[in-house]
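Biologist: Before I use any of the labels on this model, I would like to hear what stands behind them.

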Amino acid sequence: KDFANKDKLTNYLKKWNSNEILIIDGIPVTKDERSDITVSDTISLIVVAISSLVTTISVALIAFTSLSLVVSCFMIAVITVISVMERIKEIGVIRSLGGRKRDVSRLFIAENLITGAASGAIGLILTYILQIILNVAVKPMGISKICALPWYYALLMFGIAVLLSVLSGLIPSLKASNQDPVNALRS
């Protein structure tokens, strides 16, 4: 009927094939008095095969996701470096008007924070829209939900997007803050 009964039956058959003396209808039956029963559980084999396939696919997806995160971090850093190079005069003006190195650094870190927050929000909005579409698409097949992103995972993903964006811009923002105001205005 179900997996619980299947497990009970499989355990009983394992006990039957063991060296244990069983009491059947009040009579003790030894291992020599009964023949072994071979159990072939195809459902378990299928479940194990599907489980290993899902695990393999999950590992591959995690690897591709990690690689894309590393590439996106480098791209954010490159964009920040280009932004620093294009705004050298602005950095010079800020520094010559009394702005500290910390102020210049915070300017670029704030930009990266905004970029990370915007990208995280866009990603989450698209994820929730696709989630609704996929769940509606599989509903006629008798499946209630094929995907769901809990709010705490969404919050975690948003935080990771912001954190990676800020971390990617730290080195370029430090480079920007160390610009000499006189050379920055001259360039």
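Modeller: Start with burial: buried means under 20% relative accessible area, exposed over 50%, and partly exposed in between, with a 1.4 Å probe and protein chains only. This is a predicted model, in which local features need pLDDT of at least 70 and side-chain atom pairs count only at pLDDT 80 or more, while totals for chains, interfaces and linings use all residues. Residues are numbered from 1 along each chain as its sequence is written, and side-chain values use heavy atoms, with hydrogens and water left out.

Biologist: Why is Leu13 called buried?

Modeller: Its relative accessibility is 15%, and the label applies under 20%, so Leu13 counts as buried. Leu13 is found in helix H1, residues 3-17; a helix here is a DSSP run of H or I of at least four residues, numbered from the N terminus.

Biologist: What does Leu13 touch, not counting residues up to four places away in sequence?

Modeller: Leu13 touches Ile37 and Val39, where contact means heavy atoms within 4.5 Å.

Biologist: Is Leu97 buried or exposed?

Modeller: Leu97 has 71% relative accessibility and therefore counts as exposed. Leu97 sits in the loop between helix H3 (88-96) and H4. Its C-alpha atom is 9.5 Å from that of Pro181, 84 residues apart along the chain.

Biologist: Why is Thr80 called buried?

Modeller: Because its relative accessible area is 4%, Thr80 is buried. Thr80 lies in helix H2. Leaving aside neighbours within four places in sequence, Thr80 is in contact with Asn112, Gly169 and Pro172.

Biologist: How do you describe the packing of H4 and H6?

Modeller: Two packed helices are described by the angle between their axes and the distance between the axes. For H4 (residues 101-138) and H6 (residues 170-177), the angle is about 145° and the axes are 8 Å apart. Axes are lines fitted to C-alpha atoms, for helices over the stretch in contact, and angles run from 0 to 180 degrees between N-to-C directions.

Biologist: Which residues meet there?

Modeller: Lys101, Val104, Ser105, Phe108 and Ile109 in H4 meet Leu170, Ser173, Leu174, Ala176 and Ser177 in H6. By class, the residues of this contact are six nonpolar, three polar and one charged. Ala, Val, Leu, Ile, Met, Phe, Trp, Tyr, Cys and Pro count as nonpolar, Asp, Glu, Lys and Arg as charged, and the others, Gly among them, as polar.

Biologist: What is the class make-up of the lining of the largest pocket?

Modeller: The lining has nine nonpolar, nine polar and no charged residues. Helices H2 (42-86), H4 and H5 (151-168) each supply at least two residues of this lining.

Biologist: Where is Ala161, and what does it touch beyond four places in sequence?

Modeller: Ala161 is in helix H5, and its contacts are Gly116, Ser119 and Gly120.
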